[in-house]
Amino acid sequence: MKDVIYSDWSKQVKKAMIDADLDTNDIADKFKWTRQYVSAIINGRMYQKEAVGSISMYLGIEVPNGAASTLAKKKHLPDATEKYYGFNSEVTEGEVLAKMSEQKSVGKSLKMPNLGGSKHISIE
């Protein structure tokens with residue numbers, strides 16, 4: 001599973017590349033860039049206005065407005081607290097205790113990642 005969410009621009013570029021039977025090497029050769037640079041731009045790991053514009057025009061897709069339209073975002077990956085109890089680590093200790101009590105988690109303890117990473121709470 002990937003831990004990033006690609007921008008719509010990145011997805012459009014990849015689709016256009018497939019339709020044109022192009023890969024990152026072809027685009028790198030066209031603009032005299034490295035394959036790694038092209039990959040970083042297309043996959044949203046970096047933003048450079050001129051490169052994004054050049055790639056967009058070359059592939060016939062709309063030139064996006066700024067970095068926010070091209071950069072990838074980190075996907076929220078649930079931690080153990082969220083997976084087991086149904087909420088993320090941005091909760092209070094009281095909320096966790098209430099949920100544990102509600103689920104009858106008697107005798108269990110839970111590491112609270114948002115409380116310094118070392119605090120365990122338990123319900124008796």
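How many helices and strands are there in the chain? The chain holds 6 helices and 4 strands, where helices (H or I, at least four residues) and strands (E, at least two) are DSSP runs numbered from the N terminus. The model is predicted: local features need pLDDT of at least 70, side-chain atom pairs count only at pLDDT 80 or more, and totals for chains, interfaces and linings use all residues. Residues are numbered from 1 along each chain as its sequence is written, and side-chain values use heavy atoms, with hydrogens and water left out.

From the N terminus on, the order of elements is β-α-α-α-α-β-α-α-β-β. Of the 124 residues, 30% count as buried (under 20% relative accessible area; exposed is over 50% and partly exposed in between, with a 1.4 Å probe and protein chains only). Among contacts (heavy atoms within 4.5 Å) between residues at least 6 apart in sequence, 46% join residues at least 24 apart.

Helix H1 spans residues 8-19 and has 12 residues. From its first C-alpha to its last, H1 reaches 16 Å, close to the 16 Å expected at 1.5 Å a residue (1.5 Å times one less than the number of residues). Trp9, Ser10, Val13, Ala16 and Met17 of H1 are buried. These residues lie on the same side of H1 because they cover an arc of only 130 degrees around the axis, taken from the directions from the helix axis to the C-beta atoms. The buried residues of H1 pack against helix H2 (24-31), helix H3 (35-42) and helix H4 (49-59). Asp8, Lys15, Ile18 and Asp19 are exposed, on the face of H1 turned away from its buried side. Asp21, which follows H1, has a positive phi, near 55 degrees.
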